[in-house]
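Subject: Structure handover

Hello,

Please read them next to the coordinates.

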Amino acid sequence: MANHDTSDASRMHDLAVEDDGFEYSLRPETLKEFIGQERAKEQLRIHIEAAKKRGDALEHVLLVSPPGLGKTTLAKIISNEIETNFKQAIGPVMEKLDIVSTLSNLEKGDILFIDEIHRMKGYVQESLYPAMEDYQLDLAIGQGPASDVVQLDIARFTLVGATTREGLLAGPFRDRFGIRIHLDYYEPVDIQQAIRINSAKLNIDIEDEAEYALARRSRGTMRIANKLLANVRDYAEVKGNGVLTFEVAEEALAFFGIDERGLDSQDYAYFRTLIEKFNGRAGLKALAVALSEDERTISEVYEPYYIKEGLLMLTPGGRVATDAAYEYFDYPVGTQPSLFY
Ligand code: ADP
């Protein structure tokens with residue numbers, strides 16, 4: 001089982017939250033350096049070129065994907081490619097006044113990146129509508145009967161919003177993004193390429209087979225690949241002779257409790273709880289309580305990968321462990337609940 005820190009906070013940090021200096025140094029800076037996601041890159045290339053030709057700001061962009069697939073990286077790349085300033089705001093903590101002060105300080109073409117935009121308060125989202133559409137801010141002056149609303153012109157900026165849950169955005173808000181980009185989980189070959197490039201940047205001597213061993217266990221997620229590379233490198237330095245061979249990589253992954261599919265002790269706990277405690281079907285709240293986990297971490301960080309892997313289905317009657325999950329986690333197939341509720 002995993003020997004590293006797998007507390008909720010650390011897991012959420014690993015998969016969802018702002019990166020540390022190590023990751024920062026590995027961020028690709030141009031569309032060309034951004035690996036995979038060909039469709040998304042092509043879409044962006046076209047819009048960026050068209051905006052540049054017109055001499056206008058890029059339309060507002062919504063980036064959608066599970067955590068760690070490159071939304072923040074792409075937002076920065078957009079700003080690099082159009083050579084404008086990059087400003088970042090954290091959605092959930094923003095208030096109307098923050099919107100006013102942030103937007104009134106932007107220059108033409110600037111990128112304003114708002115992460116976790118689905119968690120922004122409703123009235124704060126709404127205060128963005130006139131800014132996104134007409135580049136104006138409605139300011140309330142005074143209080144009571146004497147109050148008035150004045151309009152403040154702002155620069156033609158580009159809002160880049162990132163979300164793991166597009167469905168939680170209000171329709172009118174979502175519609176104000178002219179460009180919507182979905183990032184998919186990466187194929188192991190794409191991740192292997194990133195591991196190769198990052199190993200070179202970090203001066204890690206790594207074998208091809210070791211690269212692939214790490215790539216296969218990265219859950220299709222670049223952030224996890226970077227994390228695994230860092231952990232396995234440390235292991236190789238302490239236990240091996242510094243060269244990251246296939247054998248050392250496999251040994252390190254086993255030491256860190258990461259299985260063939262990149263699942264760790266927390267994933268095993270999830271399925272053990274779902275299958276043993278709830279007979280294979282449970283609601284999110286019940287699971288969160290049983291696992292002592294945050295509901296959001298479960299639904300936004302863990303489950304999208306289980307669904308993609310065919311281990312879990314979301315049904316009106318709750319989360320259901322599939323045949324494949326019973327088989328993979330060694331429970332007798334045929335004892336799970338019907339998918340029909
Ligand atoms: P998100 O904002 O979707 O959670 P990030 O943009 O923070 O994800 O990406 C996490 C890390 O993964 C980044 O620090 C970057 O180094 C790496 N990364 C993401 N996408 C790519 C990519 N397409 N090519 C290379 N590295 C990537």
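This is a predicted model: local features need pLDDT of at least 70, side-chain atom pairs count only at pLDDT 80 or more; totals for chains, interfaces and linings use all residues.

Residues are numbered from 1 along each chain as its sequence is written, and side-chain values use heavy atoms, with hydrogens and water left out.

Ligand site

The ligand is surrounded by 18 residues, the closest being Gly68, Lys71, Thr72, Thr73 and Arg223. Domain 1 (12–17 + 186–255) and domain 2 (37–182) each give at least three residues to the shell; the domain bounds come from an automatic or database domain assignment.

For polar contacts (a pair of N or O atoms within 3.5 Å; within protein, one must be able to donate a hydrogen and the other to accept it, and residues adjacent in sequence count only if both atoms are side-chain atoms), there are three to note. A ligand oxygen lies 2.6 Å from an N or O atom in the side chain of Thr72. A ligand oxygen is also 3.3 Å from a polar backbone atom of Leu69. A nitrogen atom of the ligand is 3.0 Å from a polar side-chain atom of Tyr186. Of the 570 Å² of accessible area that the ligand has on its own, the protein covers 97%; these areas come from the Shrake-Rupley method with a 1.4 Å probe, and for residues only the protein chains shown count as cover. Helix H2 (21–26), helix H4 (71–82) and helix H10 (222–239) are the elements that give two or more residues to the shell. Helices (H or I, at least four residues) and strands (E, at least two) are DSSP runs, numbered from the N terminus.

In H4, 10 of the 12 residues are buried, where buried means under 20% relative accessible area, exposed over 50% and partly exposed in between (1.4 Å probe, protein chains only). Among these buried residues are Lys71, Thr72 and Thr73. The 12 residues of H4 should span 16 Å at 1.5 Å a residue, and its end C-alpha atoms are 17 Å apart, which agrees. The expected span is 1.5 Å times one less than the number of residues. Glu83 follows H4 and has a positive phi, near 55 degrees.

For H8 (residues 188–201), the 14 residues should span 20 Å, and the end C-alpha atoms are 20 Å apart, which agrees. Its buried residues include Asp190, Ile191 and Ala194.

Single residues

Most residues other than glycine have a negative phi. Gln37, not a glycine, has a positive phi of about 50 degrees. Gln37 sits in the loop between H2 and helix H3 (38–54) and counts as buried at 12% relative accessibility. Asp330 also has a positive phi, of about 70 degrees. Asp330 lies in the segment after helix H15 (323–328) and is exposed, with a relative accessible area of 69%.

Regards

Notes
A residue is near a molecule or strand if one of its heavy atoms lies within 4 Å of it.
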